[in-house]
Amino acid sequence: MATLRLPVATRDALAGVFLQLIDAAGTPGSVSLYGGVQPSDAASGVTDQTCFAEIALAYPAADAPQSGILGFFAPADVPSALETGEVTWARFRDGDGNTVWDGSVTEIGRGGMVEMNTTKVVKDGPVRLSNWSIVIPGG
């Protein structure tokens, strides 16, 4: 079995790449919350997945990573859900609308890239992202 162990400086550098990409346009990036099957890769277009919310991120999106953790700032606006259903994945875009990455969405403690207090949303109800991060494990 292969083993990879990363020192903190490397973990911080890798987490910093995510911050550079989401802030690359010099304007706020965004995250779109979807239901349905996540595309097989982030370069694939969205097809029949339901978009529940479009959320503008803060700019910059986060402070510098610490100990391999990139903790994002809470978005300033709390949008209303566009539809009723269950959020299963998210697509992150830079300020120019270019896809930067996709990630799973779960309830808190279930291991998603984005964790929400509930993944169920109701049309016209609030959709909040508050305490979320990308963690580069140390091994």
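Which strand does Arg 91 lie in? I looked this up first in the predicted model. Arg 91 belongs to strand 5, which covers residues 89-93.

Entry on Arg 91. I checked its accessibility next. The relative accessible area of Arg 91 is 3%, so I list the residue as buried, the cut-off being under 20%. I then looked for a side-chain partner and found Asp 102, joined to Arg 91 by a polar contact of 2.7 Å.

Entry on salt bridges. I asked how many salt bridges the structure holds. I noted two.

Asp 102 and Arg 91 form a salt bridge, with 2.7 Å between the closest N and O atoms. I traced where the two residues sit: Asp 102 is in strand 6 (residues 99-107) and Arg 91 in strand 5, eleven residues apart, and the pair links distant parts of the chain. I recorded both Asp 102 and Arg 91 as buried.

Lys 120 and Glu 86 also form a salt bridge, and here the closest N and O atoms are 3.7 Å apart. I placed Lys 120 in strand 8 (residues 120-121) and Glu 86 in strand 4 (residues 85-86), so this pair ties together parts that are 34 residues apart in sequence.

Entry on the exposure of that pair. Is Lys 120 buried or exposed? I read a relative accessible area of 51% for Lys 120, which means exposed, as the cut-off is over 50%.

Technical notes: Residues numbered from 1 in each chain as written. Predicted model: local features only at pLDDT ≥ 70, side-chain atom pairs only at ≥ 80, totals over all residues. Heavy atoms only, no water. Helix = DSSP H or I, 4+ residues; strand = E, 2+ residues; numbered from the N terminus. Buried < 20%, exposed > 50% of the residue type's maximum accessible area, 1.4 Å probe, protein only. Polar contact = N/O pair within 3.5 Å; in protein donor to acceptor, adjacent residues only side chain to side chain. Salt bridge = Lys/Arg side-chain N within 4 Å of Asp/Glu carboxyl O.
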